Amino acid sequence: MGLSNSDLRSVAGFVRKATKALNAETIILEAFQVLKTIARIDRLQVVYSPLPGRWTEWKSSPDELEVHSHDEWPAPEKRVAAAFFDPEDEYAGFIAARSRGGKARDALELVAPGIWSSLLLRAALDRVQKAGSLETELARATLRARDEERRHIARELHDDLGQSLASLKLALKWAEDRVRAGRRSAEVTHEISKAREDVGVMLDKLRDLSHTLYPRILDTLGFVPALKELAHQATRFSQIRVECTTQGKSRRLQSETEITLYRCCQEAMNNALRHSGASKLIVHVRFAQREVRVTVEDNGKGFDPRALYGSNSRVMSSGFWTIRQRMADICAAFRVSTAEGHGTAVELIVPYSSREVHDKRKNKTTHRG
Ligand SMILES: Nc1ncnc2c1ncn2[C@@H]1O[C@H](COP(=O)(O)OP(=O)(O)O)[C@@H](O)[C@H]1O
Ligand SMILES: [Mg+2]
């Protein structure tokens with residue numbers, strides 16, 4: 001007995017509903033309903049592979065819906081009608097049903113593509129949604145880190161520099177009063193030279209703070225001297241020997257590119273200083289023909305690259321995520337090579353922009369002329 005027009009209309013109705021379904025279970029329940037109506041089935045088995053080597057199996061009956069996960073392909077039950085999602089690959093999944101009527105096989109064949117495409121669509125939408133919320137989560141973490149940095153700067157300005165300036169004001173007032181009263185004693189001279197020393201300390205702090213906010217050396221001398229300065233500071237304040245070497249003819253890059261590269265190197269170097277336990281850290285800058293390659297390499301303990309993805313295996317940890325985002329913003333690439341016990345190398349590859357290539361050509365002409 002073949003399928004009637006009304007059966008075909010029921011199947012079309014099912015496909016429409018399944019396409020809009022908010023989860024896989026709704027798709028299976030709708031499929032069961034339509035097959036029950038058309039072919040009088042009393043049980044439906046649906047097997048679908050969400051990932052290579054993984055299968056989800058739903059067993060639907062009038063009273064319940066069971067869901068199982070398998071890492072081995074669950075074959076169709078014996079003596080039932082089955083329709084495979086992909087006739088060329090039975091492991092992609094199938095639907096199977098025992099039926100009391102004669103139309104089961106045709107009905108299953110007709111419904112199977114609708115179930116498969118709805119399940120695929122649902123899985124794709126879930127992935128996009130999940131990726132979106134992970135990105136939001138990481139963006140939030142980045143904003144929190146930025147706020148934390150601002151809070152730190154505000155505290156430094158208020159508690160430290162603010163207090164020092166307040167004391168300085170009092171000291172100057174004291175000296176002024178003494179001078180006004182015509183008492184130019186050694187005490188006053190001493191107070192003024194102490195105030196001058198305090199101003200020196202405050203200037204150093206201000207410089208440090210301003211450097212944290214934006215290293216001006218990047219604008220004045222460029223990315224390589226700024227990196228060398230970073231390496232120098234790291235050697236001074238840590239146990240690790242940090243070297244910065246260059247290869248090829250050094251050149252200035254666009255200022256956005258320079259600050260981005262600098263911030264990414266800073267993160268990779270901080271990681272080496274904080275996590276690696278290395279004795280040596282090398283920052284190597286190579287100006288190649290088409291791109292600049294910066295490698296930050298330590299001889300420390302390395303790590304399991306899965307740590308890149310933080311505690312939830314899909315979330316990239318925020319330091320590396322920021323590097324990835326920053327590199328993507330300037331159309332550059334980054335690569336991490338590491339293994340436990342074998343050190344870590346972070347490589348940043350930044351193609352020259354057309355303007356930089358153009359500038360270089362212009363420079364060449366000028367040299368010749
Ligand atoms: N150079 C390194 N040596 C050893 N472990 C590292 C190194 N760089 C990163 N890691 C590991 O990778 C993790 C993620 O780094 P990152 O994304 O910068 O986050 P965070 O530094 O805030 O922990 C670190 O917690 C650490 O376990
Ligand atoms: Mg980090």
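Tutor: Let us begin with the hairpin formed by β1 and β2, which has 2 residues between its strands and in whose turn G53 has a positive phi of about 80°. This is a predicted model, in which local features need pLDDT of at least 70 and side-chain atom pairs count only at pLDDT 80 or more, while totals for chains, interfaces and linings use all residues. Residues are numbered from 1 along each chain as its sequence is written, and chains are lettered from A and ligands numbered from 1 in the order in which they are written.

Two strands are said to pair if DSSP finds at least two bridges between them. On that basis β1 is joined to β2 (residues 54–60) by 6 bridges, with the two strands running antiparallel, and Y48 has T56 as its bridge partner in β2. β1 is also joined to β5, by 7 bridges and again antiparallel, and here V47 has F94 as its partner in β5.

Leaving aside residues up to four places away in sequence, V46 touches I28, A31, W58, I95 and I115, where contact means that the C-beta atoms, placed from the backbone, lie within 7 Å. V46 is also listed, with A31, L35, I95, V111 and I115, among the residues with the most contacts inside the largest nonpolar core, which has 33 residues. Such a core is a set of buried Ala, Val, Leu, Ile, Met, Phe, Trp, Tyr and Cys residues joined through C-beta atoms within 7 Å. A residue is buried if 20 or more other C-beta atoms, placed from the backbone, lie within 10 Å of its own, exposed if 12 or fewer do, and partly exposed in between. As background, nonpolar side chains in soluble globular proteins tend to be buried together. At least two residues of the core come from each of α1 (5–20), α2 (24–39), β1 (41–51), β4 (81–84), β5 (93–99) and α3 (104–180). A second, separate core has 31 residues, including F223, A278, V285 and V294.

R40, in the loop between α2 and β1, has a positive phi of about 55° although it is not a glycine, and R40 is partly exposed because 15 other C-beta atoms lie within 10 Å. R79, placed in the loop between β3 (65–70) and β4, likewise has a positive phi, near 50°, without being glycine, but R79 counts as exposed because it has 6 C-beta neighbours inside 10 Å.

The domain assignment, whose bounds come from an automatic or database source, gives domain 1 (5–132), domain 2 (138–212) and domain 3 (215–368). The centres of domain 1 and domain 2, taken over C-alpha atoms, are separated by 72 Å.

A second hairpin can be set beside the one we began with. β9 and β10 have 5 residues between them, and G341 takes a positive phi near 85° there. These strands, β9 (residues 333–338) and β10, run antiparallel with 6 bridges, and R335 has E347 as its partner in β10. β8 (residues 291–298) is also antiparallel to β10, with 8 bridges, and V294, whose partner in β10 is L348, is one of the residues of the second core. In a regular strand the side chains alternate between the two faces of the sheet. In β10 (residues 344–351), T344, V346, L348 and V350 make up the covered face, and A345, E347, I349 and P351 the uncovered one. G341 counts as exposed because it has 9 C-beta neighbours inside 10 Å, and its C-alpha atom is separated by 9.7 Å from that of S276, 65 residues away along the chain. S276 in turn is listed with N271, H275, S317 and G319 as the closest of the 15 residues that surround ligand 1, a residue being near a molecule if its C-beta atom, placed from the backbone, lies within 6 Å of it.

How values were computed: Helices (H or I, at least four residues) and strands (E, at least two) are DSSP runs, numbered from the N terminus. Two residues are in contact if their C-beta atoms, placed from the backbone, lie within 7 Å.
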